[in-house]
Amino acid sequence: MESKEYFKKLALNLMFEISDEEAENIIKEFATFNEQLNIFDEIDTEGVEEMVYPFDVETTYLREDVPDHYLTKQEALSNVSKEVEGHFVLPRVLK
Amino acid sequence: MRIADIINQDGDKRCFDAYQKAQDVQGKLNATITFIDPKDQLEEAKEGKLYKIPVAVKDNYNTKGILTTAGCKILDNYIPVYDATVVKKLKEAGAIMIAKSSMDELAMGGSNLTSIIGPCYNPYDLNRISGGSSGGSAVLTAANVVPIAIGSDTGDSVRKPASFTNTIGVKPTYGRISRYGVIPYASSLDHVGYFTNDVKDAALVLECIAGRDDNDLTTSDLPVPEYSKLLNDDIKGKKILIFKNVVDVIDNQDVLDGFNKVVEGLKERGAIIEEVSFDDTLLKAILPTYYVIANAESSANHSNLDGVRFGHRIEGEDTDQIMINSRTAGFGPLLKKRFIIGSYALFEDNQERIFRKAQKIRRLINDDIYAKLKDADCLLAPASGKPAPLIDNDKDADELSNEY
């Protein structure tokens, strides 16, 4: 069974932190989850193709490369907390 | 409240009334995240099929210039620069939005207990949950604030709250309505859905918001009929299958009595009622299959919620730390749990065994249901096995359960 440290590391890979309590809860839920996964082993999927979308009907097409649908610079910046002269502001990368 | 009940009222007045009523019930029901003053919309209202009908929209629909939080802290300051297609179509039909309704965080819950504004309460019994994740929309419809409320359904997030609040919840076929501008949960499972108090209203709404949208390439090319004109009450000879596996595990007598009453009514009207059983192992696999696919897709979809370009930013010493701080503070514990499990299923070592296996089982489930349904008109089952749970007993509502 995976440990608290395992899940804390996994969380960090997803760019967030979890508390000890949250890690404990995940361990519990993980146990239920693994139990449920046992049913996967009971089902023979030999030769079965993955179903990625609910339908196999083709609905995706390529279109002409004509600019159609875009954000203005102003729109793109409208939700950022720090903006300077039309740029997103972040801490210095090179110290 | 149905459209027929308010259609003869003055258009402007009924929208202002709805806007006021949404605020009046907020203390008791807590169903709204943002109230929208209808004044400006009324001035520009188009003369469409929903002309000056007040509607509520779940807060995961992008609404230009209006706060859109998806019930989640990390988006508690997010103001979209565009309208979702459904919002655009509602405007074209003349509908007037008066509220962005409460929802479980990022639509990833079934109780509406995880919204940033706290729980949404069931108007039939304030001690009970509304169900989620489209709880706010269900409640505003059930409480007769609006006749129509838009929600979304990935794993029953319209159907369950509809069942818990005595409203009509519609989850149309995937691809029938555009998801463009809807903050996603799982892209291959998300559906636009909605609530009404009348089947006639449900048909009218569908014909207004359905249709092909090139901004959402999963939408169907099939034409949109005038559903409201197709309604009739003749079901003689229609073949209705009762979902035996579901009915057999329900032990709540009230639910069974109510369901049997419906079945008897359908029989009296000339429908042919039969029972159908699906493969039990496949049915038991539905929950883990859904859980794996939904949370895997979701963890990928929401990797862009990082506080860098939008959303609630918590500062840090470098970009990585900004993302970590913002996501740690911005996501509730349920979200984090689901992202972790979803991401676990995508690890190289696990992908074949868990994620791809789930996708294969998905096909098998689909095939089994399709094979048994293809000669029938309808599959019937209760949407929930019991009435809306009490809030205090339901603190673990969103924990993964082994109960069938």
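Q: At 35% relative accessibility, does B:Arg159 count as buried, partly exposed or exposed?
A: This is a predicted model, in which local features need pLDDT of at least 70 and side-chain atom pairs count only at pLDDT 80 or more, while totals for chains, interfaces and linings use all residues. Residues are numbered from 1 along each chain as its sequence is written, chains are lettered from A and ligands numbered from 1 in the order in which they are written, and side-chain values use heavy atoms, leaving out hydrogens and water. Buried means under 20% relative accessible area and exposed over 50%, with partly exposed in between (1.4 Å probe, protein chains only). Because its value is 35%, B:Arg159 counts as partly exposed.

Q: Which residue does B:Arg159 meet in a salt bridge?
A: A salt bridge is a side-chain nitrogen of Lys or Arg within 4 Å of a carboxyl oxygen of Asp or Glu. Here the N to O distance is 2.9 Å, and the partner, at 0% relative accessibility, counts as buried. The side chain that B:Arg159 meets is that of B:Asp153.

Q: How many salt bridges are there over all chains?
A: Side chains of opposite charge can pair when their charged atoms come close. Counted by the rule already given, the total over all chains comes to 28 salt bridges.

Q: Which residue of chain A meets B:Lys336 in a salt bridge?
A: The N to O distance of this bridge is 3.7 Å, and the pair crosses between chains, from helix H13 (residues 333–346) of chain B to helix H2 of chain A; helices are DSSP runs (H or I, at least four residues) and strands are runs of E (at least two), numbered from the N terminus.

Q: Which residues of chain B does A:Ile18 touch?
A: A:Ile18 is found in the loop between helix H1 (4–13) and helix H2 (20–42) of chain A, and it counts as buried because its relative accessibility is 9%. Leaving aside residues up to four places away in sequence, its contacts (heavy atoms within 4.5 Å) include A:Phe7, A:Lys8 and A:Ala23 from its own chain. From chain B, A:Ile18 touches B:Lys336 and B:Ile340.

Q: In which helix do B:Lys372 and B:Asp368 both lie?
A: Their side chains meet in a salt bridge of 2.8 Å, N to O. B:Lys372 is partly exposed, at 32%, whereas B:Asp368 counts as buried, at 17%. The two residues are four apart, about one turn of the helix, and both lie in chain B's helix H14.
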